Amino acid sequence: MTLISVRKQAMKTENHSSPINHRSSLVLLCAALLAAGTPASAQKYPSRPIRVIIPQSAGGSTDLAVRAVTQRLGDALGQPVVIDNRPGAGSLVGTDLVAKAAADGYTLLGVASSFSINPSLHARLPFDPVRDFAPISRLCALPHILVVHPAVPVKSVKELIALAKAKPGQLNVATSGISTSTHMAAELFMYMTGTKLVTVPYKGGAPGNIALVSGEVQLYFATISTALPHIRGGKLRALAVTTRKRTAAAPEYPTIAEAGVPGYEHASWVGMLAPAGTPPDIVSRLNGEITRIVHLPEVKEFLLRDGLEPEGDSAKEFTANIRNEVAKWIKVVKAAGIKPQ
């Protein structure tokens with residue numbers, strides 16, 4: 001029954017029925033108005049379990065952050081939320097599954113910031129990270145921190161830049177692998193400062209830290225959770241963090257932007273997305289629950305303990321962030337001379 005027919009029926013009843021029936025018609029009209037103001041997908045969603053695909057292996061930062069949120073998301077929505085780890089091809093396999101899934105809110109993607117870096121590193125992707133997804137919210141950020149070996153004669157970012165310019169190609173910077181977030185942090189630094197460092201890839205973050213502590217390399221844009229123990233122990237010297245604002249994990253250190261490179265910003269992040277075309281009311285509901293959950297005291301404590309900073313931004317903000325990062329990394333990778341595969 002449409003609103004017009006309901007209204008006509010109410011007027012007819014008002015003219016020919018008792019006061020009781022008149023009140024009933026008003027109730028019917030109000031119910032119809034309320035139903036019309038609520039999208040059908042919101043009234044029904046969710047009516048069955050939700051699957052969240054994580055395109056990385058279990059146990060990593062992405063997996064931990066997504067699980068911390070989805071455990072409570074299921075309770076909030078009244079339906080189970082099931083994690084499905086689908087690693088492969090540098091996260092492309094699991095991401096492509098979600099890109100091609102039904103846009104009904106029952107298949108979601110929990111992904112890391114490599115999502116916005118991939119377009120600059122691959123000549124052809126099976127999906128478009130901007131066109132094929134509906135961003136829901138960033139769950140958290142994973143700050144990096146610029147650290148040097150104590151033997152390097154610098155105590156600030158400006159001093160490091162001066163040294164790098166005086167000795168182009170003579171300072172080695174560790175990375176946790178080619179095209180990883182730590183590698184991109186170094187490339188962005190070189191791009192914005194006009195310096196030339198030699199990137200040395202290692203098989204993960206821990207080997208990169210060990211190489212720096214032992215003096216094999218001179219600096220590293222390490223994840224803050226892995227670097228802090230070495231900083232506290234005096235084995236590494238911290239210069240600045242890579243995020244747009246100081247990190248709660250180590251607020252005593254300035255940002256790189258504050259320390260002499262205006263506009264520098266880089267942090268790994270973990271976010272949740274849905275396939276493009278997912279009804280806006282479903283995206284809005286998921287965003288509302290997720291932003292509430294990431295700021296629960298127990299969730300914040302869990303994330304901060306592992307160096308992860310709660311975010312919980314809006315879908316609009318997350319969408320803009322992805323668009324900006326895709327464009328940024330295309331410029332940086334081109335300037336670095338990295339050839340897309």
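Author: A residue counts as buried when its relative accessible area is under 20%, as exposed when over 50%, and as partly exposed in between (1.4 Å probe, protein chains only). The model is predicted, so local features need pLDDT of at least 70 and side-chain atom pairs count only at pLDDT 80 or more, while totals for chains, interfaces and linings use all residues. Residues are numbered from 1 along each chain as its sequence is written, and side-chain values use heavy atoms, with hydrogens and water left out.

Reader: Why is D313 called buried?

Author: The relative accessibility of D313 is 7%, and D313 therefore counts as buried. D313 lies in the loop between β10 (309–310) and α13 (315–336); helices (H or I, at least four residues) and strands (E, at least two) are DSSP runs, numbered from the N terminus.

Reader: Which residues does D313 touch?

Author: Contact means heavy atoms within 4.5 Å. Leaving aside residues up to four places away in sequence, D313 touches I136, S137, R138, N287, T291 and F318. A polar atom of the D313 side chain lies 2.8 Å from the backbone nitrogen of R138.

Reader: What makes α8 largely enclosed by the rest of the structure?

Author: Of the 13 residues of α8, 11 are buried, so α8 is largely enclosed. Among them are H183, E187 and F189. After α8 comes G194, with a positive phi near 70°.

Reader: How do you know that the span of helix α8 agrees with what it should be?

Author: The expected span is 1.5 Å times one less than the number of residues. For the 13 residues of α8 (residues 181–193) this should be 18 Å, and the end C-alpha atoms are 18 Å apart, which agrees.

Reader: Why is α8 called roughly perpendicular to α13?

Author: Axes are lines fitted to C-alpha atoms, for helices over the stretch in contact, and angles run from 0 to 180 degrees between N-to-C directions. Angles under 35 degrees count as roughly parallel, over 145 as roughly antiparallel, 65 to 115 as roughly perpendicular and the rest as oblique. The axes of α8 and α13 cross at roughly 75° and come within 10 Å. That makes α8 roughly perpendicular to α13.

Reader: Why are α4 and α12 called roughly antiparallel?

Author: Helix α4 (residues 61–77) and helix α12 (residues 297–305) pack at an angle of about 170°, with axes 10 Å apart. The two helices are therefore roughly antiparallel. In their contact, L64, A65, A68 and R72 of α4 meet E298, V299, F302 and L303 of α12.

Conventions. A polar contact is a pair of N or O atoms within 3.5 Å; within protein, one must be able to donate a hydrogen and the other to accept it, and residues adjacent in sequence count only if both atoms are side-chain atoms.
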